[in-house]
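Subject: Structure for you to look through

Hello,

I am passing on the structure we talked about, and I would be glad if you opened it beside this message while you read. My notes on it come after the structure.

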Amino acid sequence: MPFLLKTEPTKYSFEDLERDGETTWDGISNPQALLNLRGMKPGEKLVIYHSNIGKAAIGTAKVVSVDATDPKNPQVRIKPVKRLKTEKPLDEMRTAAVFKDSILFRQFRLSVVPLTDAQYDWLTT
């Protein structure tokens, strides 16, 4: 299952992930987001979304490893795959039929959002 990961670009941007090559995705406190993190599997596809500034899907990444032994602080390692050819702004996502029933717009503050394959494909093409 693909996921969308929200980040504030002034704190950690897709460019930072590209520079670092790999990072641990942490700092999550919302119980639903933690459940989503703990459920990730190595190799799963991710979309990195810049919140607050930019408000757009910026690039793709993938899960390298998951250590969920501490349920309150799962250690999910991710690495960048590629920058999107065309960023997908929030306004376009909001009006796209593929996001009609998405949790992304029902629980907007959720920082780790599961995506359908169709949503992932829409964001990355």
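Predicted model: local features only at pLDDT ≥ 70, side-chain atom pairs only at ≥ 80, totals over all residues.

Strand β4, at residues 56-67, pairs with β3 in the antiparallel sense over six bridges, with Lys 45 and Lys 62 as one of the partner pairs. β3 and β4 form a hairpin with five residues between them, and in the turn you will find Asn 52, whose phi is positive at about 65 degrees.

Next, you might look at Thr 23, which belongs to strand β2 (residues 23-25). With a relative accessible area of 15%, Thr 23 falls under the 20% limit and therefore counts as buried. Apart from its neighbours within four places in sequence, Thr 23 is in contact with Tyr 12, Leu 17, Val 76, Arg 77 and Ile 78.

The largest pocket has a volume of about 530 Å³. It is lined by 19 residues, and those closest to its centre are Lys 6, Thr 7, Glu 8, Ser 51 and Ser 111. The largest share of this lining, three residues, comes from β2, while by class the lining holds five nonpolar, eight polar and six charged residues.

Finally, the structure holds five salt bridges. In one of them, Glu 18 pairs with Arg 83, and their closest N and O atoms are 3.5 Å apart. This pair links distant parts of the chain, since Glu 18 sits in helix α1 (residues 14-20) and Arg 83 in strand β5 (residues 75-89), 65 residues apart. Another salt bridge joins the side chains of Arg 77 and Glu 22 at 3.2 Å, N to O. Arg 77 lies in β5 and Glu 22 in the loop between α1 and β2, so this pair ties together parts that are 55 residues apart in sequence. Arg 77 is partly exposed, at 26% relative accessible area, and Glu 22 is also partly exposed, at 32%. Salt bridges that share partners also join Glu 15, Glu 18 and Arg 83 into one network.

Best wishes

Conventions
Residues numbered from 1 in each chain as written. Heavy atoms only, no water. Pairing = 2+ DSSP bridges. Helix = DSSP H or I, 4+ residues; strand = E, 2+ residues; numbered from the N terminus. Buried < 20%, exposed > 50% of the residue type's maximum accessible area, 1.4 Å probe, protein only. Contact = heavy atoms within 4.5 Å. 1 Å grid on protein atoms, 1.4 Å probe; cavity = no way out; pocket = protein on both sides within 12 Å on 5 of 7 lines; lining within 4 Å. Points joined across faces, edges and corners; volume = space filled by probe spheres on them. Nonpolar A, V, L, I, M, F, W, Y, C, P; charged D, E, K, R; others polar. Salt bridge = Lys/Arg side-chain N within 4 Å of Asp/Glu carboxyl O.
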